[in-house]
Amino acid sequence: MACCSTRISPGLHTCAGGACVQRSGRAEACLGVSVAEEKGLSALRVSSEKIEERRKGFLKGEYHRKFVMHAVVMEVPVVRETRMGLNLNGTKVYTGAGGAILEDVPHLTDWLSGLPTYPNPLKYNPAYSAARQYFVEETDTVAKDVVVNINDVGHGIHFRRAGPRDQIYFKPEEVRACIVTCGGLCPGINTVIREIVCGLWTQYGVREILGIDGGYRGFYSKNTIDLTPKTVNDIHKRGGTVLQTSRGGHDLGKIVDSIQDRDINQVYIIGGDGTQKGANAIYEECKRRGLKVAVAGIPKTIDNDIDVIDKSFGFDTAVEEAQRAINAAHVEAESVQNGLGLVKLMGRYSGYIAMHATLASRDVDCCLIPEVPFYLHGSGGLIEFVRKRLRESGHMVIVVAEGAGQELMAESTVNNNDLKDASGNKLLLDVGLWLCTILKILST
């Protein structure tokens, strides 16, 4: 359907996906679009007084939408249908009436049908019950792409929105939760542990929370730690993880045996790529055994490379610490003739740390990130730019993300693409050392 403009509110353009764009004037509300093609009439808007009254009815298809054009009022039935199917991996996929595609996350009810639900304790907490629409609806989603064409609003990949639900599947007094940390260290791990414990204890009334000592291996090789708001009160002031950590080498069967033997029914797993692969394996095994165990993965990455999440914990601290290295490189570079400071920053295949540190520093002349390929020789190449910058300023600073230039290095060095770390992640070639060698040859 083509975009239409109203006579009543000339500045309001309403399009096929239900979006409204305000050019001028004031748009009170827009609840979507249907078209009466045979009459040549298009959907416009519903007055603000009717929004709260009819919003839920519109979404459920219980009402008709009101259309106004040239002082003509007509009502057209709105049909909303959500289709559910399975993709090749067996994941539930929902397709909404507007074209939105939701690849759903696994849920206990996938293998335990008929589970009873219980009112969320937050309903009776005065700090939360006062807020309107505090609970997340099952139909709430978050679009993967923020910027879309106005005619395609509602289409594309969507994610299920996280947040407290009105009904829950565990009685708080029957919950026995555990928390485990795996993989490398990251700023903020202890803060996350503390918030999980305080949230379960204070908001939901859970009284049995265990800390698994030493990563996945700790499920069957070490004792657990009792966690309460008192024991975690000051841990956010320390670095590392109070639960200790480890990489790889765990036995899936023993882990789930331990979960089952200890009557644990909620598992909170803090870790990166390899850890979340392990979390998925634990979920699959619990599903296979028919256990009522909820497995929640909390992504631990300073790289900020997760869709939809604004910031992953530890990212701000990583950018802040990167400033120190960049400042030191700049001081040394400007202290000598044709000085060149090279700073390699973490991030794997994501350049967010390098990019944000560069923007915050203002002392960086060149930033190389994996998302933007670069080349060395020829017009517009890195070597030409370095020579030009040194002629102009007498010094320069380059920031490079560890995942940048991997293709260039693979062409000139031994291919180590098959090497992996203990968590199963592919080891990256050292772009810092390689680039340093290239630039040293350039200066001689």
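Reader: What does the accessible surface of the protein chain come to, and what share of it belongs to carbon and sulfur atoms?
Author: The structure is a predicted model. Its protein chain has an accessible surface of about 24,900 Å². The share of this surface that belongs to carbon and sulfur atoms is 51%.

Reader: What percentage of the residues in the protein chain is buried?
Author: A residue counts as buried when its relative accessible area is under 20%. The protein chain has 444 residues. Of these, the buried ones make up 41%.

Reader: How many helices and strands are there in the protein chain, and in what order do β20, β21 and β22 stand in their sheet?
Author: The protein chain holds 11 helices and 22 strands. Three of the strands form an open sheet with parallel pairing. Their order is β20-β22-β21.

Reader: Why is one side of β20 and of β21 left without a neighbour in the sheet?
Author: Strands β20 (339–345) and β21 (366–368) each have a single partner strand, so one side of each lacks a neighbour in the sheet. The reason is thus their position at the edges.

Reader: Which residue of β22 stands opposite L368?
Author: Strand β21 and strand β22 (residues 395–401) run parallel and are joined by three bridges. L368 has its opposite residue in β22, namely V400.

Reader: Which helix packs on the sheet, and what angle does its direction make with that of β22?
Author: Neighbouring strands of the sheet are turned by 15° against each other on average, direction ignored. Helix α9 (residues 382–393) packs on this sheet and touches β20, β21 and β22. The angle between the direction of α9 and that of β22 is about 145°.

Terms used: Residues numbered from 1 in each chain as written. Predicted model: local features only at pLDDT ≥ 70, side-chain atom pairs only at ≥ 80, totals over all residues. Heavy atoms only, no water. Pairing = 2+ DSSP bridges. Helix = DSSP H or I, 4+ residues; strand = E, 2+ residues; numbered from the N terminus. Axes fitted to C-alpha atoms, helices over the stretch in contact; angles between N-to-C directions. Contact = heavy atoms within 4.5 Å. Buried < 20%, exposed > 50% of the residue type's maximum accessible area, 1.4 Å probe, protein only. Areas by Shrake-Rupley, 256 points an atom, 1.4 Å probe, with all protein chains shown as cover.
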